[in-house]
Amino acid sequence: MTVIIVGGGASGLMAALTAAPASPVLLLERQSRVGRKLMASGNEGKGCSFAEEHPERYHGVDPAFCAAALNRFGVDDTLAFFAGLGLVSCSEPDGRVYPFSDTANSVVDVLRLAAGEKGVDIRTGCEVTEVRRTGEGFVLRSGDAEYTGHKLIVACGGAAGARLGGGVSGYRLLESLGHRRGPILPALTQIKTDSRFTRPLKGVRAKAALTLVRGERELGHSDGEVQFTDFGVSGPAAFDLSRAAATEKGDLTLALDLLPALSRQELQARLGERKASFPQLPTEHLLTGALHNRLALVLLKQAGLSLASPLSALTEKQLAAVCGLVKDWRLPVLGVLGFDAAQVTAGGVLTRDFHPETLESRITPGLYACGEVLDIDGDCGGFNLQWAWSSGHIAGAAAAGLL
Ligand SMILES: Cc1cc2nc3c(=O)[nH]c(=O)nc-3n(C[C@H](O)[C@H](O)[C@H](O)COP(=O)(O)OP(=O)(O)OC[C@H]3O[C@@H](n4cnc5c(N)ncnc54)[C@H](O)[C@@H]3O)c2cc1C
(Lines give C-alpha, C1' and ligand atoms only; values in the text may rest on other atoms or scores of the structure.)
Protein backbone atom coordinates (compact mmCIF):
# COMPACT_ATOMS: atom_id res chain seq x y z
CA MET A 1 0.00 0.00 0.00
CA THR A 2 2.05 2.98 -1.20
CA VAL A 3 1.51 6.23 0.66
CA ILE A 4 2.09 9.37 -1.42
CA ILE A 5 2.75 12.57 0.53
CA VAL A 6 2.56 15.96 -1.15
CA GLY A 7 4.74 18.47 0.71
CA GLY A 8 8.06 17.96 2.44
CA GLY A 9 7.59 20.42 5.29
CA ALA A 10 7.23 19.68 8.99
CA SER A 11 3.98 17.72 8.78
CA GLY A 12 4.86 15.87 5.56
CA LEU A 13 8.25 14.72 6.86
CA MET A 14 6.68 13.59 10.13
CA ALA A 15 3.96 11.71 8.21
CA ALA A 16 6.61 10.05 6.03
CA LEU A 17 8.72 8.92 8.99
CA THR A 18 5.67 7.53 10.74
CA ALA A 19 4.28 5.65 7.73
CA ALA A 20 7.67 4.20 6.70
CA PRO A 21 8.88 1.52 6.72
CA ALA A 22 5.46 -0.10 7.38
CA SER A 23 4.37 1.25 3.99
CA PRO A 24 6.41 2.31 0.98
CA VAL A 25 6.39 6.13 1.03
CA LEU A 26 6.85 8.54 -1.86
CA LEU A 27 7.21 12.20 -0.83
CA LEU A 28 6.88 14.92 -3.50
CA GLU A 29 8.24 18.39 -2.71
CA ARG A 30 8.09 21.28 -5.12
CA GLN A 31 11.10 23.15 -3.79
CA SER A 32 14.69 22.11 -4.34
CA ARG A 33 14.97 20.86 -0.76
CA VAL A 34 12.67 19.70 2.01
CA GLY A 35 11.95 21.59 5.22
CA ARG A 36 12.65 25.12 4.01
CA LYS A 37 10.07 26.79 6.24
CA LEU A 38 11.19 24.66 9.12
CA MET A 39 14.69 26.05 8.70
CA ALA A 40 13.36 29.59 9.19
CA SER A 41 11.31 28.65 12.22
CA GLY A 42 12.02 29.23 15.85
CA ASN A 43 13.38 32.22 17.65
CA GLU A 44 15.05 34.11 14.79
CA GLY A 45 15.88 30.90 12.94
CA LYS A 46 17.78 29.44 15.87
CA GLY A 47 15.68 26.38 15.61
CA CYS A 48 12.21 25.09 15.90
CA SER A 49 10.50 25.19 19.23
CA PHE A 50 8.02 22.79 20.75
CA ALA A 51 5.07 24.00 22.78
CA GLU A 52 2.82 22.47 25.38
CA GLU A 53 -0.21 20.87 23.79
CA HIS A 54 -2.87 23.38 24.94
CA PRO A 55 -5.89 23.09 22.63
CA GLU A 56 -7.04 26.54 23.81
CA ARG A 57 -4.02 28.09 22.09
CA TYR A 58 -5.40 27.01 18.71
CA HIS A 59 -7.90 28.77 16.44
CA GLY A 60 -10.14 27.99 13.49
CA VAL A 61 -13.84 27.37 12.88
CA ASP A 62 -13.56 24.33 15.19
CA PRO A 63 -10.35 24.60 17.25
CA ALA A 64 -11.35 21.54 19.33
CA PHE A 65 -10.66 19.46 16.21
CA CYS A 66 -6.94 19.50 17.00
CA ALA A 67 -7.34 17.94 20.46
CA ALA A 68 -7.42 14.31 19.28
CA ALA A 69 -4.10 14.57 17.44
CA LEU A 70 -2.43 16.63 20.20
CA ASN A 71 -3.56 14.11 22.83
CA ARG A 72 -2.40 11.10 20.87
CA PHE A 73 1.01 12.54 19.92
CA GLY A 74 1.88 15.47 22.16
CA VAL A 75 5.01 17.37 23.15
CA ASP A 76 6.60 14.51 25.12
CA ASP A 77 6.04 12.08 22.24
CA THR A 78 7.51 14.63 19.84
CA LEU A 79 10.58 15.16 22.00
CA ALA A 80 11.07 11.41 22.37
CA PHE A 81 10.66 10.99 18.62
CA PHE A 82 13.33 13.60 17.87
CA ALA A 83 15.64 12.26 20.57
CA GLY A 84 15.33 8.90 18.82
CA LEU A 85 16.51 10.55 15.61
CA GLY A 86 19.58 11.88 17.43
CA LEU A 87 18.46 15.45 18.09
CA VAL A 88 19.81 16.90 21.32
CA SER A 89 17.45 19.56 22.65
CA CYS A 90 17.39 21.88 25.62
CA SER A 91 14.69 23.81 27.48
CA GLU A 92 14.75 27.57 27.89
CA PRO A 93 13.45 29.27 31.05
CA ASP A 94 10.29 30.24 29.13
CA GLY A 95 9.48 26.55 28.69
CA ARG A 96 10.28 26.42 25.00
CA VAL A 97 12.53 23.69 23.73
CA TYR A 98 15.17 24.26 21.08
CA PRO A 99 17.83 22.14 19.44
CA PHE A 100 20.99 22.35 21.54
CA SER A 101 22.86 23.32 18.36
CA ASP A 102 20.68 26.48 18.20
CA THR A 103 20.00 25.90 14.54
CA ALA A 104 16.95 24.55 12.78
CA ASN A 105 19.22 22.85 10.27
CA SER A 106 19.75 20.15 12.89
CA VAL A 107 16.04 19.38 12.91
CA VAL A 108 15.78 19.18 9.14
CA ASP A 109 18.99 17.13 8.94
CA VAL A 110 17.86 14.45 11.39
CA LEU A 111 14.50 14.19 9.62
CA ARG A 112 16.15 13.93 6.20
CA LEU A 113 18.69 11.34 7.29
CA ALA A 114 16.04 9.23 9.01
CA ALA A 115 13.87 9.40 5.90
CA GLY A 116 16.77 8.05 3.84
CA GLU A 117 17.38 5.27 6.35
CA LYS A 118 13.72 4.26 6.35
CA GLY A 119 13.60 4.14 2.56
CA VAL A 120 11.34 7.14 2.01
CA ASP A 121 11.56 8.08 -1.67
CA ILE A 122 11.91 11.89 -1.64
CA ARG A 123 11.56 13.70 -4.97
CA THR A 124 12.34 17.41 -4.80
CA GLY A 125 11.60 19.99 -7.51
CA CYS A 126 8.36 18.12 -8.03
CA GLU A 127 5.24 20.30 -7.89
CA VAL A 128 1.98 18.41 -7.91
CA THR A 129 -0.56 20.28 -10.02
CA GLU A 130 -3.32 17.75 -10.40
CA VAL A 131 -4.74 14.79 -8.53
CA ARG A 132 -7.33 12.18 -9.59
CA ARG A 133 -9.09 9.50 -7.60
CA THR A 134 -9.02 6.10 -9.28
CA GLY A 135 -10.43 2.75 -8.22
CA GLU A 136 -7.03 1.77 -6.81
CA GLY A 137 -6.09 5.02 -5.13
CA PHE A 138 -4.76 8.29 -6.51
CA VAL A 139 -2.89 9.52 -9.60
CA LEU A 140 -0.87 12.71 -9.21
CA ARG A 141 0.54 14.83 -12.00
CA SER A 142 3.74 16.87 -11.82
CA GLY A 143 4.93 18.25 -15.14
CA ASP A 144 4.95 15.33 -17.56
CA ALA A 145 5.27 12.73 -14.84
CA GLU A 146 2.49 10.79 -13.11
CA TYR A 147 2.75 9.15 -9.70
CA THR A 148 0.37 6.64 -8.22
CA GLY A 149 -0.35 5.63 -4.66
CA HIS A 150 -3.00 3.85 -2.66
CA LYS A 151 -3.19 6.49 0.07
CA LEU A 152 -2.62 10.21 -0.32
CA ILE A 153 -1.56 12.70 2.36
CA VAL A 154 -1.79 16.39 1.48
CA ALA A 155 0.78 18.23 3.63
CA CYS A 156 1.25 21.33 1.47
CA GLY A 157 1.09 23.92 4.26
CA GLY A 158 -0.69 27.26 3.95
CA ALA A 159 -0.28 30.58 2.20
CA ALA A 160 2.00 32.21 4.80
CA GLY A 161 5.69 32.77 4.10
CA ALA A 162 5.56 32.67 0.29
CA ARG A 163 9.36 32.96 -0.07
CA LEU A 164 9.72 29.80 1.99
CA GLY A 165 7.21 27.76 0.03
CA GLY A 166 3.85 29.08 1.22
CA GLY A 167 1.10 29.02 -1.38
CA VAL A 168 -2.42 27.95 -2.18
CA SER A 169 -1.83 24.76 -4.14
CA GLY A 170 -2.64 22.51 -1.18
CA TYR A 171 -6.06 24.10 -0.92
CA ARG A 172 -6.60 23.60 -4.66
CA LEU A 173 -5.61 19.92 -4.58
CA LEU A 174 -8.00 19.26 -1.69
CA GLU A 175 -10.77 21.28 -3.35
CA SER A 176 -10.37 19.18 -6.49
CA LEU A 177 -11.10 16.14 -4.32
CA GLY A 178 -14.35 17.62 -3.02
CA HIS A 179 -13.17 19.61 0.01
CA ARG A 180 -14.20 23.13 0.98
CA ARG A 181 -12.03 25.96 2.16
CA GLY A 182 -13.01 28.86 4.40
CA PRO A 183 -11.51 32.35 4.08
CA ILE A 184 -7.78 32.64 4.77
CA LEU A 185 -5.94 35.51 6.46
CA PRO A 186 -2.32 36.15 7.42
CA ALA A 187 -1.68 35.52 11.14
CA LEU A 188 1.34 35.83 13.44
CA THR A 189 2.42 38.84 11.47
CA GLN A 190 3.30 42.48 12.09
CA ILE A 191 0.56 44.88 13.10
CA LYS A 192 0.59 48.00 10.93
CA THR A 193 0.15 51.17 12.96
CA ASP A 194 0.55 54.87 12.33
CA SER A 195 4.24 54.71 11.44
CA ARG A 196 5.03 58.31 12.48
CA PHE A 197 5.49 56.99 15.99
CA THR A 198 7.20 53.69 15.27
CA ARG A 199 9.54 54.53 12.38
CA PRO A 200 12.06 56.40 14.60
CA LEU A 201 12.06 53.30 16.80
CA LYS A 202 12.94 50.83 14.04
CA GLY A 203 14.83 47.91 15.61
CA VAL A 204 14.04 48.85 19.23
CA ARG A 205 12.78 45.97 21.36
CA ALA A 206 10.77 46.27 24.55
CA LYS A 207 8.92 44.02 26.97
CA ALA A 208 5.35 45.24 27.05
CA ALA A 209 1.75 44.38 27.79
CA LEU A 210 -0.38 44.89 24.70
CA THR A 211 -4.11 45.35 24.51
CA LEU A 212 -6.08 45.59 21.29
CA VAL A 213 -9.10 47.84 21.75
CA ARG A 214 -12.01 49.20 19.78
CA GLY A 215 -13.10 52.32 21.62
CA GLU A 216 -12.90 51.18 25.24
CA ARG A 217 -13.72 47.53 24.45
CA GLU A 218 -10.84 45.11 24.96
CA LEU A 219 -10.54 42.68 22.07
CA GLY A 220 -7.34 40.88 23.02
CA HIS A 221 -4.33 41.03 25.32
CA SER A 222 -0.80 39.69 25.20
CA ASP A 223 2.43 40.12 27.16
CA GLY A 224 5.98 39.76 25.95
CA GLU A 225 8.51 41.14 23.57
CA VAL A 226 7.63 43.69 20.91
CA GLN A 227 9.88 45.05 18.21
CA PHE A 228 9.23 48.35 16.47
CA THR A 229 9.53 48.48 12.69
CA ASP A 230 9.02 50.79 9.71
CA PHE A 231 5.39 49.70 9.54
CA GLY A 232 4.39 49.28 13.14
CA VAL A 233 4.83 46.64 15.80
CA SER A 234 6.32 43.18 15.42
CA GLY A 235 7.58 40.50 17.86
CA PRO A 236 5.80 37.65 19.68
CA ALA A 237 3.43 39.84 21.71
CA ALA A 238 2.26 41.68 18.58
CA PHE A 239 2.00 38.43 16.60
CA ASP A 240 -0.44 37.04 19.14
CA LEU A 241 -2.81 39.95 18.54
CA SER A 242 -2.39 40.04 14.76
CA ARG A 243 -5.18 37.55 14.15
CA ALA A 244 -7.65 39.81 15.99
CA ALA A 245 -6.16 42.90 14.31
CA ALA A 246 -6.84 41.28 10.92
CA THR A 247 -10.35 40.07 11.64
CA GLU A 248 -11.96 42.63 13.98
CA LYS A 249 -13.92 45.42 12.32
CA GLY A 250 -13.97 49.14 13.07
CA ASP A 251 -11.32 51.54 14.32
CA LEU A 252 -8.80 49.51 16.30
CA THR A 253 -6.07 50.78 18.59
CA LEU A 254 -3.07 49.02 20.08
CA ALA A 255 -2.52 50.13 23.68
CA LEU A 256 1.00 49.43 24.96
CA ASP A 257 1.96 49.32 28.61
CA LEU A 258 5.72 49.81 28.32
CA LEU A 259 6.45 49.27 32.02
CA PRO A 260 4.05 46.53 33.10
CA ALA A 261 6.06 45.83 36.26
CA LEU A 262 5.04 49.20 37.77
CA SER A 263 1.58 50.58 38.44
CA ARG A 264 0.80 54.08 37.24
CA GLN A 265 1.02 55.37 40.82
CA GLU A 266 4.39 53.70 41.39
CA LEU A 267 5.74 55.12 38.17
CA GLN A 268 4.48 58.61 38.98
CA ALA A 269 6.13 58.37 42.43
CA ARG A 270 9.43 57.23 40.89
CA LEU A 271 9.42 60.06 38.36
CA GLY A 272 8.74 62.51 41.19
CA GLU A 273 11.74 61.09 43.10
CA ARG A 274 13.89 61.39 40.00
CA LYS A 275 12.94 65.03 39.63
CA ALA A 276 13.78 65.65 43.30
CA SER A 277 17.10 63.76 43.16
CA PHE A 278 18.35 65.15 39.84
CA PRO A 279 16.75 68.62 39.47
CA GLN A 280 19.37 69.88 36.99
CA LEU A 281 19.19 66.87 34.65
CA PRO A 282 17.74 67.71 31.21
CA THR A 283 14.22 66.37 30.71
CA GLU A 284 15.46 64.09 27.93
CA HIS A 285 16.79 61.86 30.75
CA LEU A 286 13.55 61.61 32.71
CA LEU A 287 13.05 58.00 31.60
CA THR A 288 16.71 57.04 31.23
CA GLY A 289 17.27 53.73 32.96
CA ALA A 290 13.62 52.78 32.66
CA LEU A 291 13.09 52.52 28.90
CA HIS A 292 15.23 52.23 25.80
CA ASN A 293 16.57 55.75 25.14
CA ARG A 294 14.95 56.08 21.71
CA LEU A 295 11.61 54.94 23.04
CA ALA A 296 11.88 57.38 25.94
CA LEU A 297 12.58 60.29 23.59
CA VAL A 298 9.59 59.50 21.37
CA LEU A 299 7.28 59.47 24.40
CA LEU A 300 8.72 62.64 25.92
CA LYS A 301 8.34 64.46 22.61
CA GLN A 302 4.78 63.17 22.26
CA ALA A 303 4.07 64.52 25.75
CA GLY A 304 5.12 67.95 24.39
CA LEU A 305 8.01 68.41 26.85
CA SER A 306 11.01 70.60 26.22
CA LEU A 307 13.84 68.06 26.27
CA ALA A 308 16.56 70.54 27.22
CA SER A 309 14.86 72.12 30.21
CA PRO A 310 15.73 70.75 33.69
CA LEU A 311 13.64 68.15 35.47
CA SER A 312 12.97 70.72 38.22
CA ALA A 313 10.76 72.63 35.74
CA LEU A 314 8.38 69.70 35.22
CA THR A 315 4.90 70.03 36.71
CA GLU A 316 2.91 67.19 38.30
CA LYS A 317 0.56 67.39 35.32
CA GLN A 318 3.46 66.87 32.91
CA LEU A 319 4.76 63.91 34.93
CA ALA A 320 1.25 62.44 34.88
CA ALA A 321 1.13 62.87 31.09
CA VAL A 322 4.42 60.97 30.72
CA CYS A 323 3.10 58.21 33.01
CA GLY A 324 -0.03 58.05 30.89
CA LEU A 325 2.01 57.50 27.75
CA VAL A 326 4.35 54.92 29.31
CA LYS A 327 1.46 52.92 30.76
CA ASP A 328 -1.06 53.38 27.94
CA TRP A 329 0.66 54.34 24.70
CA ARG A 330 -2.00 54.24 22.00
CA LEU A 331 -1.16 53.45 18.39
CA PRO A 332 -3.97 53.49 15.80
CA VAL A 333 -4.05 50.17 13.92
CA LEU A 334 -4.00 50.32 10.12
CA GLY A 335 -4.12 46.57 9.47
CA VAL A 336 -1.60 43.75 9.37
CA LEU A 337 1.20 42.81 6.97
CA GLY A 338 0.28 40.20 4.36
CA PHE A 339 1.02 36.54 3.75
CA ASP A 340 4.64 37.16 2.75
CA ALA A 341 5.47 38.40 6.25
CA ALA A 342 3.12 36.08 8.13
CA GLN A 343 4.28 32.98 10.00
CA VAL A 344 1.00 31.15 9.66
CA THR A 345 -2.32 31.12 7.81
CA ALA A 346 -5.53 31.63 9.73
CA GLY A 347 -8.29 29.60 8.09
CA GLY A 348 -7.93 26.84 5.53
CA VAL A 349 -9.60 23.63 4.46
CA LEU A 350 -12.61 22.93 6.66
CA THR A 351 -11.85 20.40 9.37
CA ARG A 352 -15.43 19.17 9.65
CA ASP A 353 -14.86 17.11 6.51
CA PHE A 354 -12.06 15.10 8.21
CA HIS A 355 -12.11 12.56 11.03
CA PRO A 356 -10.17 14.14 13.92
CA GLU A 357 -8.75 10.80 15.17
CA THR A 358 -7.24 9.78 11.81
CA LEU A 359 -7.31 12.96 9.67
CA GLU A 360 -8.87 10.89 6.91
CA SER A 361 -11.29 12.67 4.63
CA ARG A 362 -14.99 12.03 5.20
CA ILE A 363 -15.52 12.86 1.51
CA THR A 364 -12.71 10.94 -0.23
CA PRO A 365 -11.64 7.78 1.64
CA GLY A 366 -7.90 7.15 1.48
CA LEU A 367 -7.17 10.87 1.45
CA TYR A 368 -5.57 12.53 4.52
CA ALA A 369 -4.51 16.10 5.31
CA CYS A 370 -2.24 17.48 8.02
CA GLY A 371 -0.52 20.66 9.10
CA GLU A 372 -1.30 24.22 8.16
CA VAL A 373 -3.40 23.41 5.07
CA LEU A 374 -6.22 22.58 7.50
CA ASP A 375 -8.22 25.29 9.25
CA ILE A 376 -6.13 25.19 12.46
CA ASP A 377 -3.63 27.84 13.49
CA GLY A 378 -1.88 28.32 16.79
CA ASP A 379 -0.52 31.17 18.87
CA CYS A 380 3.09 32.22 18.69
CA GLY A 381 5.50 30.00 20.64
CA GLY A 382 5.78 26.62 18.95
CA PHE A 383 2.08 25.78 18.69
CA ASN A 384 2.03 25.68 14.90
CA LEU A 385 4.94 23.32 14.63
CA GLN A 386 3.41 21.15 17.34
CA TRP A 387 0.24 20.93 15.27
CA ALA A 388 2.36 20.00 12.23
CA TRP A 389 4.18 17.26 14.20
CA SER A 390 1.04 15.90 15.88
CA SER A 391 -1.18 15.94 12.81
CA GLY A 392 1.60 14.64 10.55
CA HIS A 393 2.15 11.71 12.88
CA ILE A 394 -1.56 10.84 13.00
CA ALA A 395 -2.02 11.12 9.23
CA GLY A 396 1.11 9.03 8.56
CA ALA A 397 0.11 6.34 11.04
CA ALA A 398 -3.47 6.18 9.78
CA ALA A 399 -2.48 6.10 6.10
CA ALA A 400 -0.07 3.23 6.79
CA GLY A 401 -2.75 1.32 8.73
CA LEU A 402 -0.88 1.67 12.04
CA LEU A 403 -3.73 3.20 14.08
C1 LIG B 1 9.46 32.77 9.23
C2 LIG B 1 8.64 31.73 9.95
C3 LIG B 1 8.93 31.43 11.28
C4 LIG B 1 8.16 30.49 11.97
N5 LIG B 1 8.46 30.21 13.26
C6 LIG B 1 7.70 29.30 13.93
C7 LIG B 1 8.01 28.97 15.29
O8 LIG B 1 8.96 29.47 15.87
N9 LIG B 1 7.23 28.05 15.91
C10 LIG B 1 6.16 27.46 15.29
O11 LIG B 1 5.46 26.64 15.89
N12 LIG B 1 5.84 27.75 14.00
C13 LIG B 1 6.60 28.65 13.32
N14 LIG B 1 6.29 28.93 12.01
C15 LIG B 1 5.14 28.24 11.39
C16 LIG B 1 5.53 26.81 11.00
O17 LIG B 1 6.78 26.82 10.34
C18 LIG B 1 4.45 26.22 10.08
O19 LIG B 1 3.19 26.32 10.67
C20 LIG B 1 4.75 24.76 9.76
O21 LIG B 1 5.99 24.65 9.11
C22 LIG B 1 3.65 24.19 8.87
O23 LIG B 1 4.02 22.88 8.51
P24 LIG B 1 3.37 22.24 7.22
O25 LIG B 1 4.01 20.92 7.05
O26 LIG B 1 1.89 22.29 7.32
O27 LIG B 1 3.73 23.22 6.02
P28 LIG B 1 5.16 23.64 5.46
O29 LIG B 1 6.22 23.46 6.47
O30 LIG B 1 4.95 24.97 4.84
O31 LIG B 1 5.45 22.57 4.32
C32 LIG B 1 4.66 22.47 3.16
C33 LIG B 1 5.54 21.99 2.05
O34 LIG B 1 4.74 21.61 0.94
C35 LIG B 1 5.38 22.03 -0.24
N36 LIG B 1 4.34 22.12 -1.28
C37 LIG B 1 3.29 22.98 -1.29
N38 LIG B 1 2.52 22.74 -2.37
C39 LIG B 1 3.09 21.72 -3.05
C40 LIG B 1 2.76 21.04 -4.24
N41 LIG B 1 1.67 21.35 -4.96
N42 LIG B 1 3.57 20.03 -4.66
C43 LIG B 1 4.69 19.69 -3.93
N44 LIG B 1 5.04 20.32 -2.79
C45 LIG B 1 4.25 21.31 -2.34
C46 LIG B 1 6.01 23.35 0.14
O47 LIG B 1 7.05 23.70 -0.74
C48 LIG B 1 6.49 23.06 1.56
O49 LIG B 1 7.81 22.58 1.59
C50 LIG B 1 7.06 29.85 11.30
C51 LIG B 1 6.78 30.15 9.96
C52 LIG B 1 7.56 31.08 9.28
C53 LIG B 1 7.22 31.39 7.83
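**Domains and overall layout**

Reply: The protein chain is assigned two domains, domain 1 (3–185 + 346–399) and domain 2 (190–337); such bounds come from an automatic or database domain assignment. Please note that this is a predicted model, in which local features need pLDDT of at least 70 and side-chain atom pairs count only at pLDDT 80 or more, while totals for chains, interfaces and linings use all residues. Residues are numbered from 1 along each chain as its sequence is written.

Me: How far apart are the C-alpha centres of domain 1 and domain 2, and how many residues are in contact between the domains?

Reply: Two residues are in contact if their C-beta atoms, placed from the backbone, lie within 7 Å. Here six residues of domain 1 are in contact with six of domain 2. The side of domain 1 that touches domain 2 has three nonpolar residues, two polar and one charged. In these classes Ala, Val, Leu, Ile, Met, Phe, Trp, Tyr, Cys and Pro are nonpolar, Asp, Glu, Lys and Arg are charged, and the others, Gly among them, are polar. The C-alpha centres of the two domains lie 39 Å apart.

Me: What does the protein chain contain in helices and strands, and what percentage of its residues is buried?

Reply: Helices (H or I, at least four residues) and strands (E, at least two) are DSSP runs, numbered from the N terminus. The protein chain has twelve helices and 20 strands, and its C-alpha trace spans about 85 × 45 × 35 Å along the principal axes. A residue is buried if 20 or more other C-beta atoms lie within 10 Å of its own, exposed if 12 or fewer, and partly exposed in between, with C-beta atoms placed from the backbone. Of the 403 residues, 46% are buried.

Me: Which residues come nearest to the ligand?

Reply: A residue is near a molecule if its C-beta atom, placed from the backbone, lies within 6 Å of it. There are 39 residues around the ligand, and Gly7, Gly9, Gly157, Gly161 and Gly371 come nearest. Two or more residues of this shell are given by each of α1 (10–19), α2 (36–40), α6 (169–176) and α12 (383–399). The shell divides into 14 nonpolar, 19 polar and six charged residues.

Me: How should I read strand β1, and which way do its side chains point?

Reply: In a regular strand, side chains alternate between the two faces of the sheet. In β1 (residues 3–6), Val3 and Ile5 point one way and Ile4 and Val6 the other, and all are buried. Two strands pair if DSSP finds at least two bridges between them. Strand β1 runs parallel to β10 (residues 151–154), joined by four bridges, and Ile4 stands opposite Leu152 there. Strand β1 also pairs with β2 (residues 25–28) in the parallel sense over four bridges, where Leu26 is the bridge partner of Ile4.

Me: Why is α8 described as largely enclosed?

Reply: Helix α8 is largely enclosed by the rest of the structure because ten of its twelve residues are buried. Among them are Phe239, Asp240, Leu241 and Arg243.
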